[in-house]
Structures are given as C-alpha cells and as structure tokens.
There are 2 protein chains.
Amino acid sequence: MRLAARPVGLPQENVWQRTEEAVPEPAEGQFLVKVLYLSLDPAMRGWMNDGKSYVPPVGIGEVMRAGAVGRVVASKHPKFAVGEHVVSTFGVQEYALSDGRAVTKVDPKLAPLPVWLGTLGMPGMTAYFGLLEVGEAKTGDTVVVSGAAGAVGGVVGQIAKIKGCRVVGIAGGADKCRYVVEDLGFDACIDYKGEDVKKSLKQHCPKGIDVYFDNVGGDILDAALTQITRGARIVICGAISQYNNTTPVKGPSNYMSLLVNRASMKGMVVFDYADRYAIAGREMAGWLAAGKLKTREDIVEGGVQVFPDTLLRLFRGDNTGKLVLKIAEA
Amino acid sequence: MRLAARPVGLPQENVWQRTEEAVPEPAEGQFLVKVLYLSLDPAMRGWMNDGKSYVPPVGIGEVMRAGAVGRVVASKHPKFAVGEHVVSTFGVQEYALSDGRAVTKVDPKLAPLPVWLGTLGMPGMTAYFGLLEVGEAKTGDTVVVSGAAGAVGGVVGQIAKIKGCRVVGIAGGADKCRYVVEDLGFDACIDYKGEDVKKSLKQHCPKGIDVYFDNVGGDILDAALTQITRGARIVICGAISQYNNTTPVKGPSNYMSLLVNRASMKGMVVFDYADRYAIAGREMAGWLAAGKLKTREDIVEGGVQVFPDTLLRLFRGDNTGKLVLKIAEA
C-alpha cells in the first residue's frame, strides 16, 4: 500500500495506491519477513504530512510506514533464522526485506504476537516512559489520561495504578468507560461524549490533577488545564483530535494555568528511550504474567486491502485497545 | 486609588474610584510609609480579575495592589526607623501603613530608588530565576525573549549575554529595537510591528531557539514554537498580548512542536524564589556596579491621579524599560 497523495483532513481512498510486485529475494546480509500483524497508530497521520517532524514524512509513491510483527521466511543474514518472529517498521505490505537494523526478535510464547505491537511494543513503551520519566508520576498522585481505552492510555492508567496513583481516564462512550474501569481497574472514567469533562474532572479529582497524560489535545487538554495542581506535569504524547483538522490546530487557551500553577507541559517521542526498551519490556512482561497488567487488541481481519478503512476506524475512535490489522495467518 | 468594578478588556477610567482620607497614624508595631515611586506591572491586569490565581484578586472597593518604594515617615515598629527606605506591596496610594511583613529595606546609595522596583526588584528577580532556573540557560544557548525592551525582558537578555548566550530580543518598534541592541547589547532585536517574526527568528537564530522567555503570548509565542531546538525550554512568564482580551485567550496552535522537539513549556511565579532574592540581588547589584547590567526606568510624573492612564501606557507598549509612576519627591 503506497501513499499516492498527501491527505487533506481524513485520509480517504484516493490518497492510497495499491501495487503488486513479485516477492523479493533477500540479498547477502538480508532476510525476508512475511508480515503477520500490522500496527495502526495515530502517529501515522503525521507521517503522511509534508514538513519537518521527528521522522521524515512518507514520500509520495513510497510504501506506507507501519510497525508490524512478522516471521522470517528466507534469510541470508547470519543473525536472523527462518521461523523466527520479528518486530520492526516493516510497512503496509505482505512481505518486507530487512538488513536487521532496528529489528527486534519477539518470543510468541511470552505473549501473543499482536501484544508485541501494543502493550509490549511502541504504545506500551510510550506509556511507560511517558508516565514515569516525563510525567514523573509517584505514589499518591492523581493521574488523568485521555484516550484511556486506547493502546497507550490503557497502559498508562494501569501502570499508574501499579505505582499507587489515583487514576481517572477519559474516553468516548459508555462501553469504553466501562472497559476502562471494570477491566483495566481505573478509579473512574469520564465519557467525553456524554459528560461535561471539566465538571467531571473536578468531581473525580478532588485534589486536582498532578499528572495529565494527553493523547488527544483540543478541548479535553483545555479542560484538564483548569484542574491541575501546583507543580503539575502535562505529558504531550499526541493530539488525535487535531490530526485531521483542515483548520489550524486549536492551541490550549488555558495554557496560562501553567504559570499560575508553576506547571509544565512537556513533549515526548518514544524513540528517545530505545536503549531502555528491553528493561521496560521485562518489567511489563512481568506485570502481564502476574496479571497486574491487562492487554487488549482489537484485531481487524482482511489484510493489506482493508488498511485504508482500518486507519479511519482509529480516527473515528472505533477501537477499544490496540488496533491491529491481521495480514496473514501466523 | 480603589478598584470600583472589574474591567472588561482594557481597564478604563470607570473601573477606578478616587478617595481621600486622613493620613493614618501607626499603631504599636506599625510604621507609616510615604510612597515615592509606584511600580506598573503587566501582572496588575490579572489581579483585577475575579477567580483563582496565584494571589487573590483585588476586592471591589479595595486599594489597588501595587509594588512601591517609599520612606518611613513615622514608626512604632522596633525594626523600621524614620528616614529608612523600604519596598513592598504598598498599593496605589500616597501613604501606607505596614507591620513590616514582606517589607525589604533598600539602600538608595547602591542604586536610585526606582531601580528597586525594576532591575533590583520583582522584574529583575523574575528575569534572573526565570532564565537561569526555569529556562536553564547555559553558555552557547540561543535565548530569545519577547517584551525585550520591558522591565523583565531587558534584564533577561542582559543576564543571558553575561552567561555567554546568543540573545535575540523581540520588541515593538524600531526605537525599542535600537535600545535593545545598542544600549542593552543584545545580538539582534526583531520589531514585531514591522517584521515577519517567524522569518526573522529563522534568520537570527540559525541554530534554533534553546530558551524562549515569553512575556507576551499570542502570535509571537506561536512563531517561537516553530523555531525551537530539541530539548528547548519555554518559560511562560506572562502574556501581555492576551491580558485585555474580551475574546478567549489565543492558545499556542503550534504547541505540538513541544512533542516533535521533546521540549517543555513551564510556568513561573517569582514569589516562589523569595528566599533567594537576597542572593540574586547581590549578584545583580554587582553586575550593575561593574557596568555589565544596564537599567532604565521610564518615569511618569503626576502622582496617584494619573495612575489609570499610566497603566494603559503599559498595555499600549509605550514604555521602554521599567514603567514607574512618581508619587512624591524623594
């Protein structure tokens, strides 16, 4: 699946181009990966835009960038053997060649393959480092996270609970909120589609918000700003509400609350913590094994062909848990 | 000068009430201060609004809050003698009673009295701690400061030069920019009234902005956000462009630049550093004496009666340097 044009607003069918090619043969030092599961991430929308960002944009005519987990099916690389499972940015395609750079082996016995794209993958790492390093969450803090039923938000809240925080989620719809509270164990969840977020934050965070982990931006970020405590930390992880805007991004009008409260707003990109993924991964796998951390993947069937519509599900907020597209049978 | 009504937008004459009372006698443990110079600060506009902030709002009917320097003219306080000069929040009035709390003695031989409201007063302390503690400016950094010809901004830039930074100011009008570069020694100054701020920032900050010290908010904050470096620090000290808005505050649309650049935006209130004012004051007085730090006060004559119009000068940006209202002959 190649990017044919830069989208304006939501990426519709016409920005994609489907091409078919022969499955390539690995050259010396390469191996061939059969892609099994594809990761759908809000960040993909940003990669489709032209302009400077933390990674170069996907070029017009290039295979769309995507994280994926797959199996090595042919190898001329000394360190990757046929049959091994690997995760990396293999792209929206059925087969990918790799030279092994930025590729991690995964053990499907430790956790099912899709989990390596979610709780034990980038979203999980984002949650772990964003909450603990950037947000400096500590026992007794009140932590609020938006996109609470999503791949990052769900893990943020669960780690915060493990660390002894009071945790309030924000999600869209009663079903998601039920999942967040009953399955993930948050103390409360605010349905932004049905509630006055500011009022509900006041109710559920009587001592104010010490850490706000923001995945959505827009009005919800503004509401959270009105309830922060002195010295609060706001982690800017994403702004899914703004990614498909055709009008300018809505900046947080209440940002002067940072001054009044001597608070900070700090951006993060998970790649900066790459040298510590393994440490975090071990700790999170331990929590998974102990039942302290629950993981949920929303797996869509249909292969590469349904990628365009599956991406839109993400921006409609249709998914609960990590949105994954199944490409082939494991 | 009492606050008669909460202003909407710019504080016009009708929000003020002039009253005359007999000069009070100090009770036991009190002293009477004759106010000599009054400090005009952008923060005053915030104090006039109802609602929770870092200090309570000025009540309707109360004397307007203001920093001031004065002389003790009567005393029943063991630690304050007649003839001594003092600085504190004495309010917009000709005489003030004090019990000595939050009052600092000043030495007019070390620096003229108005300087104790500017470079050696709150604005100077704000500049010192905001730049060095919150902004973590260090040798080699590119520092940009808005309101560069103002009481805080002018000191921020000069301290940054002392610390070995490249310093670019932003101010309104060619005269102010000339003052900022020629008198204060900034490397460059951008006239936001006559230049494309974003383009000029790009030109004057070829390596990007490491520290942006914001006194103004609005479009200039947004322009600065587009030019920050990885790990940049934005100090939110004020937002004078937004204080008199009758429409909602313009939030920084480009705040997602914080994410891309792993940068932070942090608010500050100078009062938090009160226990270290003396240390900073000694260092700054040393720089003043050595000619490394220049100070300029824009002194308006006319006494308490002209306070309302003098405050408006601040929001019109008429002042260069610290705006001070002379109340009485020293």
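I will start at the strands: strand 13 of chain A and strand 13 (residues 264-267) of chain B run antiparallel and are joined by three bridges. Strands pair here if DSSP finds at least two bridges between them, and helices (H or I, at least four residues) and strands (E, at least two) are DSSP runs numbered from the N terminus.

A word on conventions. This is a predicted model, in which local features need pLDDT of at least 70 and side-chain atom pairs count only at pLDDT 80 or more, while totals for chains, interfaces and linings use all residues. Residues are numbered from 1 along each chain as its sequence is written, chains are lettered from A and ligands numbered from 1 in the order in which they are written, and side-chain values use heavy atoms, with hydrogens and water left out.

Now the rest of the interface between the chains. Chain A gives 31 residues to the contact and chain B gives 31 residues, where contact means heavy atoms within 4.5 Å. The size of an interface is often given as the accessible area lost when the parts come together. For chain A and chain B that buried area is about 2500 Å², 65% of it on carbon and sulfur atoms; the value is the accessible area (1.4 Å probe) that two parts lose on being put together, summed over both. On the chain A side, A:Tyr255, A:Leu259 and A:Arg262 lose the most area to chain B, together 27% of what that side buries.

What does A:Arg262 form with B:Asp272? A salt bridge, with the closest N and O atoms 2.7 Å apart. The rule asks for a side-chain nitrogen of Lys or Arg within 4 Å of a carboxyl oxygen of Asp or Glu. Between chain A and chain B the count is four salt bridges.

Which elements of chain A supply at least two residues each to the side that touches chain B? They are helix 6 (218-225), strand 12 (228-236), helix 7 (257-260) and strand 13 (264-267). Strand 13 of chain A provides the largest share, four residues. By type, the chain A side divides into 17 nonpolar, eight polar and six charged residues.

Strand 12 of chain A also takes part in a link within the chain. A:Arg233 forms a salt bridge with A:Asp141, the closest N and O atoms being 3.0 Å apart. The pair links distant parts of the chain, 92 residues apart: A:Arg233 is in strand 12, and A:Asp141 is in the loop between helix 2 (122-134) and strand 8 (142-146). Over all chains the count comes to 32 salt bridges.

Last, the domains of chain A. Domain 1 is 2-118 + 296-326 and domain 2 is 122-271, with bounds from an automatic or database domain assignment. Their C-alpha centres lie 28 Å apart. In chain A, 20 residues of domain 1 are in contact with 15 residues of domain 2. The two domains bury about 1300 Å² between them, 62% of it on carbon and sulfur atoms. A:Tyr54, A:Gly118 and A:Thr320 lose the most area on the domain 1 side, together 26% of what that side buries.

Technical notes. Ala, Val, Leu, Ile, Met, Phe, Trp, Tyr, Cys and Pro count as nonpolar, Asp, Glu, Lys and Arg as charged, and the others, Gly among them, as polar.
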